[in-house]
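Please keep the sequence and the model in view while reading.

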Amino acid sequence: MPARINPSILAADFVNMERDLDRIASADLVHVDVMDNHFVPNLTFGPQMVGRIQDVSKIPLDVHLMIDDPDHWGLQYAELGAYSVTFHAEAAADPIRLARRLRAIGARAGIALKPGTPADGYLDLLEEFDQVLVMTVEPGFGGQSFMAETMPKLASLRQAVTARGLDVWLQVDGGITEETIVTAAENGADTFVAGSAVFRAENTAEQISLLRETAARHLHQAATS
Ligand code: DX5
Ligand code: ZN
């Protein structure tokens with residue numbers, strides 16, 4: 001199984017979005033950070049913008065909802081055709097019901113955990129999700145430093161996914177670089193979000209390949225079988 005690289009367009013130029021989407025066309029998915037200035041202290045864009053991104057992107061959308069009440073506001077992202085919709089465990093009133101509704105619309109359903117949120121309560125519910133996002137920074141802003149203390153949580157998720165033979169992607173998001181991607185891969189991630197590390201590079205396609213190959217060399221053995 002290859003390592004997936006999902007560049008975060010939070011680090012793109014918002015007035016040249018179509019150009020920047022073309023710069024990452026060789027990536028696996030485009031990571032779209034939706035922020036509402038309530039769940040996190042930052043504001044990005046909503047369904048209208050995400051719908052246009054869906055229209056012009058050459059690769060599928062990996063929507064990361066950092067919003068309150070995703071039970072209500074989250075479904076429209078699946079309806080507009082996003083490949084994957086991930087909501088926060090801390091924000092959802094009924095995560096299982098929401099995941100089932102997202103899947104019924106046709107999207108992959110993901111659940112995100114802030115650095116301080118344990119995975120324990122979700123280990124028995126992994127069948128309900130297509131992806132678990134382990135936040136490796138506090139959500140809200142790009143360009144922060146990777147929090148290595150989140151790695152035991154990632155490793156426990158990898159162990160549970162592998163032990164039960166599940167096909168649940170384990171995603172990391174925040175502070176992913178050529179160095180930290182090694183740690184995240186070794187601890188069981190297979191899907192890597194990178195904002196600054198991709199968009200700061202002069203040649204984004206080369207940088208995406210470099211990140212993908214670096215991660216692939218260090219993928220947890222269990223994730224490669
Ligand atoms: C942070 C966002 C991330 C962010 C990552 O809340 O969820 O997707 O764009 O940015 P970098 O890779 O710069 O840490
Ligand atoms: Zn994100």
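This is a predicted model: local features need pLDDT of at least 70, side-chain atom pairs count only at pLDDT 80 or more; totals for chains, interfaces and linings use all residues.

H64 has its place in strand β3, where helices (H or I, at least four residues) and strands (E, at least two) are DSSP runs numbered from the N terminus. With a relative accessible area of 1%, H64 is buried; the term buried means under 20% relative accessible area, exposed means over 50%, and partly exposed covers what lies in between, with a 1.4 Å probe and protein chains only. The side chain of H64 is joined to that of D33 by a polar contact of 3.1 Å. A polar contact is a pair of N or O atoms within 3.5 Å; within protein, one must be able to donate a hydrogen and the other to accept it, and residues adjacent in sequence count only if both atoms are side-chain atoms.

Residues are numbered from 1 along each chain as its sequence is written, chains are lettered from A and ligands numbered from 1 in the order in which they are written, and side-chain values use heavy atoms, with hydrogens and water left out.

Attention may now turn to ligand 1. Which residues are the closest to ligand 1? They are S8, G140, D173, G195 and S196, within a set of 20 residues that surround the ligand; a residue is near a molecule or strand if one of its heavy atoms lies within 4 Å of it. The shell around ligand 1 divides into eight nonpolar, ten polar and two charged residues. In this division Ala, Val, Leu, Ile, Met, Phe, Trp, Tyr, Cys and Pro count as nonpolar, Asp, Glu, Lys and Arg as charged, and the others, Gly among them, as polar. Strands β2 (30–35), β3 (61–66) and β8 (191–194) each supply at least two residues of this shell, and β2 contributes the largest share, three residues.

Several side chains approach oxygen atoms of the ligand. In the side chain of S8, an N or O atom is 2.7 Å from an oxygen atom of ligand 1. For D173, a polar side-chain atom likewise lies 2.7 Å from an oxygen atom of ligand 1, and for H31 the corresponding distance is 3.4 Å. Taken alone, ligand 1 exposes 380 Å², of which the protein buries 98%; accessible areas come from the Shrake-Rupley method with a 1.4 Å probe, and for residues only the protein chains shown count as cover.

N37, in the loop between β2 and α2 (47–56), has a phi near 65°, a positive value in a residue other than glycine. At 44% relative accessibility, N37 counts as partly exposed. D69 lies in the loop between β3 and α3 (70–73), and its phi is near 50°, again a positive value in a residue other than glycine. D69 also counts as partly exposed, at 37% relative accessibility.

Finally, some pairs of residues relate separation in sequence to distance in space. Q131, in strand β6 (residues 131–135), is buried at 1% relative accessibility. Q131 and W169 are 38 residues apart in sequence and 4.5 Å apart in space, C-alpha to C-alpha. A107 is placed in the loop between α5 (95–105) and β5 (108–113) and counts as buried at 6% relative accessibility. From A107 to I176 there are 69 residues in sequence and 25 Å in space, C-alpha to C-alpha. T180, in helix α7 (residues 180–186), counts as buried at 16% relative accessibility; T180 and A201 are 21 residues apart in sequence and 16 Å apart in space, C-alpha to C-alpha.
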